[in-house]
Amino acid sequence: MQRVVIAGFGFMGGMHAQAYAGIPEVELVGIADLDPARVKGQVDTLGVKAPVYSSLSEALERARPDVVDVCVPTDWHARVVLEALAAGKHVFCEKPLASSNAEAKAIIAAAKKAKVRFMTGHCIRFWPEYKGRDGCRTPIPWEEGEAPNGFSTGKPWLPVKPDHS
């Protein structure tokens, strides 16, 4: 069972919460958002069962997740991802990875150092019509000076295999 905290509960955070509800191997153990009052109304409307925290640090401490799912605005990705990685958590980050090449490189270095699973959410990679020979588990290559559009450790980020039937 993977314990997940969603950081940021706008449109994408809500979509991810609904997706997790359909994965038996996942338990949504918290939602971190700067506006917990708004989020509490949203989770009730969506039927999501998870406590709401006003910061990621509080969610990390109290919910003790295995995975942090980053759904905050792009300009916050680096600080939220780096906090989660520093705490030794696996991270799934919505696209784009970062606001700058420097932030992307810092995230990649921190993910490698933390030795956790990290993935940027480029969902189209997993659609059958775009899937490669290796099931999309190959890191996306990038040239020096370009902003990476994804990073993978070569392993699925959750211990479940997607059903593309």
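Buried means under 20% relative accessible area, exposed over 50%, and partly exposed in between, with a 1.4 Å probe and protein chains only. Keep those cut-offs at hand for the whole tour. This is a predicted model: local features need pLDDT of at least 70, side-chain atom pairs count only at pLDDT 80 or more, and totals for chains, interfaces and linings use all residues. Residues are numbered from 1 along each chain as its sequence is written, and side-chain values use heavy atoms, with hydrogens and water left out.

**Whole chain**

Start with everything shown as cartoon. There are five helices and six strands. Both are DSSP runs numbered from the N terminus: helices are H or I with at least four residues, strands are E with at least two. From the N terminus on, the elements read β-α-β-α-β-α-β-α-β-α-β.

Switch to a surface. The accessible area is about 9,000 Å², and carbon and sulfur atoms hold 55% of that. Such areas come from the Shrake-Rupley method with a 1.4 Å probe; for residues, only the protein chains shown count as cover. Of the 165 residues, 41% are buried.

Contact means heavy atoms within 4.5 Å. Take the contacts between residues at least 6 apart in sequence: 62% of them join residues at least 24 apart.

**The sheet**

Select the strands. They form an open sheet of six, ordered β3-β2-β1-β4-β5-β6, with parallel pairing. The edges are β3 (52-53) and β6, each of which pairs on one side only. Two strands pair if DSSP finds at least two bridges between them. In general, strands of a sheet pair through backbone hydrogen bonds, either parallel or antiparallel.

Zoom in on β1 and β2 (residues 26-32). The two run parallel and are joined by six bridges. Pick V5: its bridge partner in β2 is G30.

**Helix α1**

Next, select residues 11-21, helix α1. G13, G14, H16, A17 and Y20 are its buried residues. They lie on the same side of α1, because they cover an arc of only 160° around the axis. The arc is that of the directions from the helix axis to the C-beta atoms. What do the buried residues of α1 pack against? Their partners are β1, β2, α2, β4 and β5.

**R38 in helix α2**

Move to residues 36-46, helix α2, and pick R38. R38 counts as partly exposed because its relative accessibility is 35%. Set aside neighbours within four places in sequence, and R38 is in contact with F9 and D33.

Show the side chain of R38. It reaches the backbone oxygen of F9 at 3.1 Å. A polar contact of 2.3 Å also links the side chains of R38 and Q42. A polar contact is a pair of N or O atoms within 3.5 Å; within protein, one must be able to donate a hydrogen and the other to accept it, and residues adjacent in sequence count only if both atoms are side-chain atoms.

**Helix α4**

Select residues 77-86. H77, A78, V80, V81, A84 and L85 are buried in this helix, α4. Their cover includes β1 (2-7), α3, β4, β5, α5 and β6. After α4 comes G88, with a positive phi near 80°.

**Backbone exceptions**

Most residues other than glycine have a negative phi, and most peptide bonds are trans.

- R64: phi is near 50°, positive in a residue other than glycine. Find R64 in the loop between α3 (56-63) and β4 (67-70). R64 counts as exposed because its relative accessibility is 61%.
- K115: phi is positive, about 55°, and the residue is not a glycine. K115 lies in the loop between α5 and β6 (118-121). At 74% relative accessibility, K115 is exposed.
- K95 and P96: a cis peptide bond joins them, with omega about -10°. P96 is in the loop between β5 (90-94) and α5 (101-114).

**Cysteines**

Finish with C71 and C93. Are they buried or exposed? C71 is buried at 10% relative accessibility, and C93 is buried with a relative accessible area of 0%. A disulfide is a pair of cysteine sulfur atoms within 2.5 Å. The count by this rule is zero. The closest cysteine sulfur to that of C71 is in C93, at 8.3 Å, too far for a bond.
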